[in-house]
Amino acid sequence: MPHSILIVEDDLTFATMLKTWLGKKGFSVDTASSNARARKQLTTQPYDLVLSDLRLPDQDGILLLSWMKEQEHNIPLIIMTGYADIQSAVQAIKHGASDYISKPVQPDELLKKINEALQNRALPTPAEIEKNTVAPKASNKSKAVPHHATVPPSNFLEGESEAARQLYNYVSLVAPTPMSVLINGASGTGKEYVAHRIHQLSKRADKPFIAIDCGSIPKELAASEFFGHIKGSFTGALNDKTGAFVEANGGTLFLDEIGNLSYEVQIQLLRALQERRIRPVGSNKEIEVDVRLVSATNENLQQAIEKGNFREDLYHRINEFTLRMPALKERQEDILLFANFFLDQANRELDRHLIGFDAAASQALQTYSWPGNLRQLKNIVKRATLLAQSNFITLAELSYELQERVMPTGQTFSLHDEAAEKKRILEALKQTGNNKSKAAILLGIDRKTLYNKLKLYNIQ
């Protein structure tokens, strides 16, 4: 079982890169961007070590340390500080910090301090062992479900933004109920994952989860897909077919893009939901069914009702509780988390070993509007993983739209320190395999400016 670390750091780029690096060293890592969020995570999830910045947006790391002692979270805490003076370091140690490390952090030194802190950690008392192994009692208080709760981390990432926390708090509230849920959101926002999550947290979790893409079903075959058919009931019905309602019996039926159903099929669906009975096409026998319905759409169904394209009575039947999926651009804090998550997936699929994103690429990812949401981000990261020439994905490997966003026309490249400027140019050329066009993109300048710089510094 890997040691778990909570990184408390408001610099999201640094926190994400640190999380990725420690993950590759075998640790299980979560992040929090403030003292308040760190407290929430420490309350709901056990950790072996906390790595906290000294200066945080709400309170400093020393106050977090004091709170941990009050709550009897007897785990080591290492303070990171850019203000590495003796006074702040001594104060942190006096308050019980295991150690401190100054920024910019040296990875080898940090790893050494983490291992030392974990080795020096006092053995747990019998009371602590019991506390950590006895299953917690059920609580009536609603809590946001952390992304590591019961879903394997390789499947999906829920995020840490306020929008994500609110969404999954609602999911945890509605999942145990029998209410029909309508998930509303743009394409690529993760609607099917939320439907799966509702099923996993419901009382039907040990029963089937059946998903139907309503947008891909031909109108004439919809009734057969939902309710099944018997052999010979229509041309092409060569065998009996079990419909989705029977397959999902006792469990959850997920209807994706439900707004694409024809009006006639909507009538049949409404009847099945109201009567809890279905009749396979060509059969004279009805079958009792018990399904929990979760639907999803990227359309405005109320407008569809006004236009006469969607039945109002069906709308109210499927919409006992609405979940709105936030667009990726509304989840600024989650963009780099997802980018690194998709990078890990791409590394496995493409047999690559990239570490992360350089500063320019990170900036581009965070400032882009992401009209295609998570699906678009995943595709762009996978493509960049394939194209990358070094250990880090650079701006050169990202799509043109992202490069354009970071590099407005007329942007210039200059540094007061000529030695540093030359060093940056050489590094860009190295990362792009001496491709000057890509190097210019990475540096945020046009090719003419780069050629002038190469001539100035006599770089071949």
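## Overall make-up

The chain of this predicted model has a secondary structure of 20 helices and 14 strands. Of its 460 residues, 47% count as buried, and the chain exposes about 24100 Å², of which carbon and sulfur atoms supply 49%. When contacts between residues at least 6 apart in sequence are considered, 71% of them join residues at least 24 apart.

Helix α8, which spans residues 191–200, is largely enclosed by the rest of the structure, because 7 of its 10 residues are buried. The buried residues of this helix are K191, Y193, V194, A195, R197, I198 and H199.

The cover over these buried residues of α8 includes both helical and strand elements: α7 (162–174) is one of them, and β6 (181–184), β7 (209–213), β8 (252–256), β11 (292–297) and β12 (321–324) are also included.

Q41 lies in helix α2, which covers residues 35–44. With a relative accessibility of 9%, Q41 falls under the 20% cut-off and therefore counts as buried. If its neighbours within four places in sequence are left aside, Q41 is in contact with L6, D30, T31, A32, Y47 and R165.

The axis of α2 also comes within 10 Å of the axis of helix α3 (residues 61–70), and the two cross at roughly 25°. Since angles under 35 degrees count as roughly parallel, α2 and α3 are therefore described as roughly parallel to each other, and the crossing of α2 past α3 is right-handed. On the α2 side the contact is made by N35, A38, R39, L42 and T43, and on the α3 side by L63, L64, W67 and M68. By class, the residues of this contact of α2 with α3 are 6 nonpolar, 2 polar and 1 charged.

## Helix α14 and its two partners

Two packed helices are described by the angle between their axes and the distance between the axes. For helix α14 (residues 335–350) and helix α16 (residues 373–387), the axes come within 9 Å and cross at roughly 50°, and α14 and α16 are therefore oblique to each other. Their crossing is right-handed. From α14, the residues I335, F338, A339, F342, L343, Q345, A346, N347, E349 and L350 meet L374, L377, K378, V381, K382, T385 and L386 of α16. The residues of this contact of α14 with α16 divide into 11 nonpolar, 3 polar and 3 charged.

The axes of α14 and helix α15 (residues 359–367) come within 9 Å as well, and here the crossing is at roughly 120°. That angle makes α14 and α15 oblique to each other, and α14 passes α15 in a right-handed crossing. The contact joins I335, L336 and A339 of α14 with S362, L365 and Q366 of α15; by class, it has 4 nonpolar, 2 polar and no charged residues.

Conventions. Residues numbered from 1 in each chain as written. Predicted model: local features only at pLDDT ≥ 70, side-chain atom pairs only at ≥ 80, totals over all residues. Heavy atoms only, no water. Axes fitted to C-alpha atoms, helices over the stretch in contact; angles between N-to-C directions. Helix = DSSP H or I, 4+ residues; strand = E, 2+ residues; numbered from the N terminus. Parallel < 35°, antiparallel > 145°, perpendicular 65-115°, else oblique. Left-handed = near helix turned anticlockwise from the far one by under 90°. Contact = heavy atoms within 4.5 Å. Nonpolar A, V, L, I, M, F, W, Y, C, P; charged D, E, K, R; others polar. Buried < 20%, exposed > 50% of the residue type's maximum accessible area, 1.4 Å probe, protein only. Areas by Shrake-Rupley, 256 points an atom, 1.4 Å probe, with all protein chains shown as cover.
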